Amino acid sequence: MFDHVAGNKSMASSVGNNLKKRALALLAAGSEEMELVVAVDVLRRCDIDVTVALVQGGDGATDPSNADLVARCSRNVNVQADVTLAKYVREQIRDEATLPDAIILPGGLEGSRLMAQAPAVGELLRHYEKSETKIVAAICAAPTVFAAHGSLFGGRRLTSYPAFKDTLTGAGYAWQEPDQSPNGRVVRDGNLITSMGPATSFDFALTVGAALVSQEVAEKVASAMLYQWPH
């Protein structure tokens with residue numbers, strides 16, 4: 001994945017020297033819009049640099065117009081991405097060190113299906129699986145994307161929308177109902193953070209924000225939004 005920009009030292013240096021945490025949020029047609037937008041909004045409030053990348057069918061080799069960056073989400077809300085995933089990888093990721101600090105996968109049945117079928121998503125996630133410090137966050141149907149790409153993060157503790165419990169358990173994951181923890185209905189196992197659905201989006205996003213910056217910052221963001229977190 002990374003060979004195509006191995007010689008771009010100036011770009012790699014600028015990314016490496018940027019101390020601001022970075023997150024990559026994936027978007028596809030049929031993604032759950034609440035889970036995407038809440039995550040992007042909350043993380044930006046935590047002063048995290050978030051890029052929304054569109055997962056396309058095909059190889060994504062051509063650069064789309066702004067209109068082509070729009071995805072119709074699961075409840076027919078149109079959301080415009082910042083860039084395609086193919087272009088982001090091509091221009092921003094040189095090696096493991098330049099991977100964003102977190103990758104966010106919203107749910108939505110159709111959006112998750114498209115991500116499960118996209119080789120670029122699987123290849124990117126395989127690099128995150130090897131990391132102990134880079135965060136992978138998935139909510140609702142999105143944990144099924146791990147299973148579809150060869151049981152990535154196999155054996156790890158996670159949660160999802162309850163309808164996918166049997167699928168994920170059968171694929172070898174330790175699915176669990178989240179405890180009533182201060183962070184809400186979220187399961188964290190090392191660098192893997194998962195949650196259940198639209199109503200848990202704020203808990204999910206704030207947990208990711210706390211993991212990337214600090215618990216103190218995430219709590220201040222929650223308070224400013226008039227959201228009681230931790231619970």
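Tutor: Gladly. Buried means under 20% relative accessible area. Keep in mind that this is a predicted model.

Student: Then why is L36 called buried?

Tutor: L36 has 3% relative accessibility, and the cut-off is under 20%, so L36 counts as buried. L36 sits in helix α2, residues 33-45.

Student: What is L36 in contact with, leaving aside neighbours within four places in sequence?

Tutor: The contacts of L36 are A25, L26, L27, V79 and P106. Contact here asks for heavy atoms within 4.5 Å.

Student: What makes S201 count as buried?

Tutor: Its relative accessibility is 0%, against a limit of under 20%, so S201 counts as buried. S201 belongs to helix α8, which covers residues 201-212. Beyond its neighbours within four places in sequence, S201 is in contact with M34, E35, V38 and I139.

Student: How far apart are the C-alpha atoms of L36 and S201?

Tutor: They are separated by 8.5 Å, while the two residues lie 165 residues apart along the chain.

Student: How do you describe the packing of α8 with α9?

Tutor: Two packed helices are described by the angle between their axes and the distance between the axes. For α8 and helix α9 (residues 215-224), the angle is about 145° and the axes are 7 Å apart. On the α8 side, L206, G209 and A210 take part, meeting Q215, A218, V221 and A222 in α9. By class, this contact has five nonpolar, two polar and no charged residues.

Student: Which residues of α9 are buried?

Tutor: In α9 they are A218, V221 and A222. Seen down the helix axis, the buried residues of α9 fall within an arc of 100°, so they line one face of the helix.

Student: What do the buried residues of α9 pack against, and which exposed residues are on the face turned away?

Tutor: The buried residues pack against α2 and α8. The face of α9 turned away from its buried side carries the exposed residues E216, K220, S223 and A224.

Student: Which residues touch the most other members of the largest nonpolar core?

Tutor: L27, I104 and V208 do, in a core of 37 residues. Among the elements giving two or more residues to this core are α2, α8 and α9. Apart from it lies another core, of 34 residues, including L26, I93, L192 and M196.

How values were computed: Residues numbered from 1 in each chain as written. Predicted model: local features only at pLDDT ≥ 70, side-chain atom pairs only at ≥ 80, totals over all residues. Heavy atoms only, no water. Helix = DSSP H or I, 4+ residues; strand = E, 2+ residues; numbered from the N terminus. Buried < 20%, exposed > 50% of the residue type's maximum accessible area, 1.4 Å probe, protein only. Axes fitted to C-alpha atoms, helices over the stretch in contact; angles between N-to-C directions. Nonpolar A, V, L, I, M, F, W, Y, C, P; charged D, E, K, R; others polar. Arc of directions from axis to C-beta. Core = buried A, V, L, I, M, F, W, Y, C linked by side-chain atoms within 4.5 Å.
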